[in-house]
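Have a look first, then read on.

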Amino acid sequence: MTASYPALRLRRTRASAWSRRLHAETVLTPADLIWPLFVAEGEGVEQPIASLPGVSRWSVDGIVARGREARDLGIPCIALFPYTQVERRTEDGREALNPDNLMCQAIRALKDAVPEVGVLTDVALDPYTSHGHDGLVDAAGYVVNDTTAEMLVAQALNQANAGADIIAPSDMMDGRIGMIRSALEGESHHNVQIMSYAAKYASAFYGPFRDAVGSRGLLKGDKKTYQMDNANAEEALREVAMDLAEGADTVMVKPGLPYLDIIVRVRQAFEVPVFAYQVSGEYAMIEHAVAAGAAERDVMVLETLMSFKRAGCSGVLTYHAAHAAKLLGG
């Protein structure tokens with residue numbers, strides 16, 4: 001039993017800033033952040049992305065500079081996504097297997113320059129295919145599962161051989177986690193983690209990302225035959241259970257804010273590390289609200305990130321990572 005008003009005044013502990021800090025139930029630090037970065041060809045290159053205000057593609061030397069910035073800000077991990085030139089895109093996405101592709105160049109450069117910063121790599125074929133899908137398509141345009149999974153295994157090994165610390169399959173093919181885990185073990189990559197995009201929804205919030213990796217204008221159809229229906233929650237738990245059983249170390253829910261309920265349910269059901277991806281559309285909404293004078297960036301960034309932590313996330317992938325880390329004293 002607890003006391004009742006006025007013996008109990010819940011506002012007492014809110015009355016002072018020091019007391020609010022003392023009684024905070026959730027803590028957000030730079031160590032909770034993963035910074036997604038886009039890799040472009042060339043040297044000394046920065047390509048601003050119009051639909052992601054404040055975000056650019058960087059050539060490998062720029063990615064290394066961002067890696068040093070992450071280290072200095074206390075951000076423990078960077079996530080890499082390549083912008084593949086159109087002439088390197090094919091129906092089968094074979095550039096994903098090139099040991100000297102942009103992703104592998106950036107991985108090696110980061111691990112040479114800032115080995116203390118973790119490198120997370122996206123495993124999916126959409127940055128490499130001429131049709132913009134995450135996998136291989138048949139004559140009817142359907143993304144086939146098993147042959148795609150075989151390609152993803154080879155892609156994962158390519159990235160692990162280059163030095164990736166975390167393999168993050170974002171494709172949503174059935175069975176690929178077990179296949180990738182087996183291949184990593186077989187090649188003695190025992191400590192390479194797998195962060196599975198376990199509950200990735202077919203979402204309207206991905207548009208700016210597709211601009212960033214150059215797939216928006218190429219995508220034929222949609223991704224609803226492999227990404228999840230936004231009406232489904234129980235299915236997300238089945239997806240997570242399958243990926244954990246196959247060897248995922250951590251799981252991700254994507255997008256973030258529209259799916260906080262899924263984050264809560266996954267954390268409660270499985271008691272494993274859960275990450276959220278605050279995706280490009282979420283980032284863009286904040287930035288456009290700020291530009292319109294409808295919001296203050298600093299407080300909105302921290303409030304949204306805190307919501308992920310409060311829901312049970314171990315960490316968040318966010319394009320606001322560097323800005324948030326500065327606000328948090330990184």
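**Rings and a buried Asn**

This is a predicted model, and the side chain of Asn101 reaches the backbone oxygen of Ala96 at 3.3 Å.

Q: Is Asn101 buried or exposed?
A: Asn101 sits in the loop between β4 (77–82) and α3 (102–113). Leaving out residues up to four places away in sequence, it touches Glu95, Ala96, Tyr128 and Asn158. Buried means under 20% relative accessible area. Asn101 comes in at 2%, so it counts as buried.

Q: How are the rings of Phe38 and Tyr319 arranged?
A: A search of the whole structure turns up nine aromatic pairs. For Phe38 and Tyr319, the ring centres are 5.9 Å apart and the planes are at 15 degrees. Planes under 30 degrees apart count as stacked, so with its 15 degrees this pair is stacked.

Q: How many residues apart in sequence are the parts that Phe38 and Tyr319 tie together?
A: Phe38 is buried at 1% relative accessibility, and Tyr319 is buried at 7%. Phe38 lies in strand β1 (residues 33–39), while Tyr319 lies in the loop between β10 (315–318) and α11 (321–327), so the pair ties together parts that are apart in sequence by 281 residues.

Q: What is the centre-to-centre distance for Tyr201 and Tyr259?
A: Tyr201 is buried at 0% relative accessible area, and Tyr259 is buried at 8%. Their rings form a stacked pair, with 20 degrees between the planes and a centre-to-centre distance of 4.2 Å.

Q: Which residue lies over the face of Tyr83?
A: The distance from the ring centre is 3.9 Å, and the residue over the face of Tyr83 is Arg57.

Conventions
Residues are numbered from 1 along each chain as its sequence is written. This is a predicted model: local features need pLDDT of at least 70, side-chain atom pairs count only at pLDDT 80 or more; totals for chains, interfaces and linings use all residues. Side-chain values use heavy atoms; hydrogens and water are left out. Helices (H or I, at least four residues) and strands (E, at least two) are DSSP runs, numbered from the N terminus. Buried means under 20% relative accessible area, exposed over 50%, partly exposed in between (1.4 Å probe, protein chains only). A polar contact is a pair of N or O atoms within 3.5 Å; within protein, one must be able to donate a hydrogen and the other to accept it, and residues adjacent in sequence count only if both atoms are side-chain atoms. Contact means heavy atoms within 4.5 Å. Rings of Phe, Tyr and Trp (its six-membered ring) pair if their centres lie within 6.5 Å; planes under 30 degrees apart count as stacked, over 60 as edge-to-face and the rest as tilted. A charge sits over a ring if NZ of Lys or CZ of Arg is within 6 Å of the ring centre and within 35 degrees of the ring normal.
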